[in-house]
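Student: I would like to learn how to read a model like this one. Where do we start?

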Amino acid sequence: MRIRPIHSVSRWALASVGVLLLAGTSGCRQDMQNQPKFVPQRGTTFFPSGRSVRPEVLHAVARNQMDANEYFSTGLIDNKEQEKLPFPLTMTVLLRGQERYNIYCTPCHSRVGNGKGMIVERGYKPAGNFHETRILEKPLSHYFWVMTHGYGSMPDYAAQITSQDRWAIAAYIRALQLSQNAPLKDVPANVSVQKLSEISEQAGYAPSFAEAWTIPQQTDVPSAGEMKPEASTSKSAQSTSKSAESSSKNPEAKAAPAKTAPAAAVSQGKKSQGKKQP
Ligand code: HEC
């Protein structure tokens, strides 16, 4: 009689263990719930020091630890803009500035900096013309400041362009300004001055290539509706044959060089406005 209850209890226990096991397997979580992790301030045997919190790497500087009062990061000394770069000007800096400028600023300011970029031509608020007296006379760090904080309807570029590169662009703006306002006396004695029209002829373009370009009228631009079928056919061409894709791309690639204007030569004393981008 005493055995019976034990039997029934153990059977009951077995059954419940079984149920628990089942529940256990069905609820088994393979996600990050079960990751090996360090809980703050709790030790570990993994590192010889027994600390789960790792010491800082020597000389590491966190993003928000930079000196916010430095000229390099503010462009201001005593709250005033200055005409100086916080590091030496080299050709490498200028070329980097040119590259970044062409990426980030030309859509609105154009390659020559006259404020007639593609987006402005298509209706955006007129962007600054770097060759107009008011902006010409601004100290160098004003350009850095504008890129860092934005200006009127111009957004800021602090997130996209590092401080170092913003300074490089500012320096390049000065080079652009010089390129559009250089008097003849700035030309070194051993360099001959050539007309832009001559340069474009030598490069195989019509002399008119050097003149101001006009962008197509709105009527010349295909509407969104017209463009759709073309986009879908080029997609299907892409999936069916690679050569079809490359041939559809080629005309564009051939047309591309024609879009690049020859570098502005020395403007012969007269104030030359940069040509419009196509
Ligand atoms: C989306 C268009 C756009 C882009 C891209 C853009 N800007 Fe501008 N920028 C403007 C507009 C618009 C103004 C005029 C703002 C105003 O007067 O309200 C302006 C004005 C300026 C000015 C003149 C500020 C003054 O004192 O009047 C400078 C300098 C300038 N931009 C530099 C740059 C640089 C450098 C870049 C590239 C990093 C850049 N901008 C990219 C639209 C743009």
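Predicted model: local features only at pLDDT ≥ 70, side-chain atom pairs only at ≥ 80, totals over all residues.

Student: How do I read the packing of helix 3 and helix 8?

Tutor: Take the angle and the distance between the axes. An angle from 65 to 115 degrees counts as roughly perpendicular. Helix 3 (residues 91-104) meets helix 8 (residues 163-181) at about 95 degrees, the axes being 7 Å apart. The two helices are therefore roughly perpendicular to each other.

Student: Which residues make the contact?

Tutor: From helix 3 come V93, L94, R96, G97, Q98, R100 and Y101, and from helix 8 come D165, A168, I169, A171, Y172 and A175. By class, this contact of helix 3 with helix 8 has 8 nonpolar, 2 polar and 3 charged residues.

Student: How does the length of helix 8 compare with what it should span?

Tutor: Helix 8 has 19 residues, so at 1.5 Å a residue it should span 27 Å. The end C-alpha atoms of helix 8 are 27 Å apart, which agrees.

Student: Which residues of helix 8 are buried, and what covers them?

Tutor: D165, R166, W167, A168, I169, A170, A171, Y172, I173 and L176 are buried. Their cover includes helix 3 and helix 7.

Technical notes:
Residues numbered from 1 in each chain as written. Axes fitted to C-alpha atoms, helices over the stretch in contact; angles between N-to-C directions. Helix = DSSP H or I, 4+ residues; strand = E, 2+ residues; numbered from the N terminus. Parallel < 35°, antiparallel > 145°, perpendicular 65-115°, else oblique. Contact = placed C-beta atoms within 7 Å. Nonpolar A, V, L, I, M, F, W, Y, C, P; charged D, E, K, R; others polar. Expected span 1.5 Å × (residues − 1). Buried ≥ 20, exposed ≤ 12 C-beta atoms within 10 Å, placed from the backbone.
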